[in-house]
Amino acid sequence: MKIAVEKGQEKPLLADGHQTVTITDIQEGSSENKGIPFFAARFENEDGYVSHRFYQSQAGMSSIVSLFEQAGIDVKEGAELDTKQLIGKQIDIEVGERSYNDPETGNERTLKQAMNFLVS
């Protein structure tokens, strides 16, 4: 079997802790379980990358607003946010792990993710 390595896939996951990163890609989708829309941001620097899903839900809006604000994009009530504005923005994040129970299998899963979006 031949496996193609696409641009950026040769990098390892970022180490836990503080990282200064650039948002290099945004992918859109919907959750596998409940169909909730999300965008996944790829945070990258010379040491590696981490991706994080931002769910467009009542509970997820505080993280979305925080990300846009930390990227220097003004957020106002009634405005529509465009995720394409995030690409190329540099921010500081904390990288860590989060565990949860998979709703389909009940098994515990652990994800490496970005947290605590900070102005760089």
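Tutor: Phe 54 is buried, with a relative accessible area of 2%, where buried means under 20% relative accessible area with a 1.4 Å probe and protein chains only, exposed is over 50%, and partly exposed is in between. This is a predicted model, where local features need pLDDT of at least 70, side-chain atom pairs count only at pLDDT 80 or more, and totals for chains, interfaces and linings use all residues. Residues are numbered from 1 along each chain as its sequence is written, and side-chain values use heavy atoms, with hydrogens and water left out.

The partner of Phe 54 is Phe 39: the two form a stacked aromatic pair, 5.0 Å centre to centre with 15° between the planes. Rings of Phe, Tyr and Trp (its six-membered ring) pair if their centres lie within 6.5 Å, and planes under 30 degrees apart count as stacked, over 60 as edge-to-face and the rest as tilted. Phe 39 lies in strand E2 and Phe 54 in strand E3, so the pair ties together parts that are 15 residues apart in sequence. Strands (E, at least two residues) and helices (H or I, at least four) are DSSP runs, numbered from the N terminus. Phe 39 is buried too, with a relative accessible area of 7%. The whole structure has two aromatic pairs.

Phe 39 also leads us to a pocket. Along with Gln 56, Met 61, Ile 64 and Leu 81, Phe 39 lies nearest the centre of the second largest pocket, which is lined by 16 residues. A pocket here is an open set of points on a 1 Å grid over the protein atoms alone, where a 1.4 Å probe fits, with protein on both sides within 12 Å along at least five of seven lines; lining residues have an atom within 4 Å of a point. E2 and helix H1 (61-70) are the elements that give two or more residues to this lining, and H1 gives the most, with four. By class, the lining of the second largest pocket has eleven nonpolar, two polar and three charged residues. Ala, Val, Leu, Ile, Met, Phe, Trp, Tyr, Cys and Pro count as nonpolar, Asp, Glu, Lys and Arg as charged, and the others, Gly among them, as polar. The space in this second largest pocket is about 310 Å³, a volume being the space filled by probe spheres set on grid points joined across faces, edges and corners.
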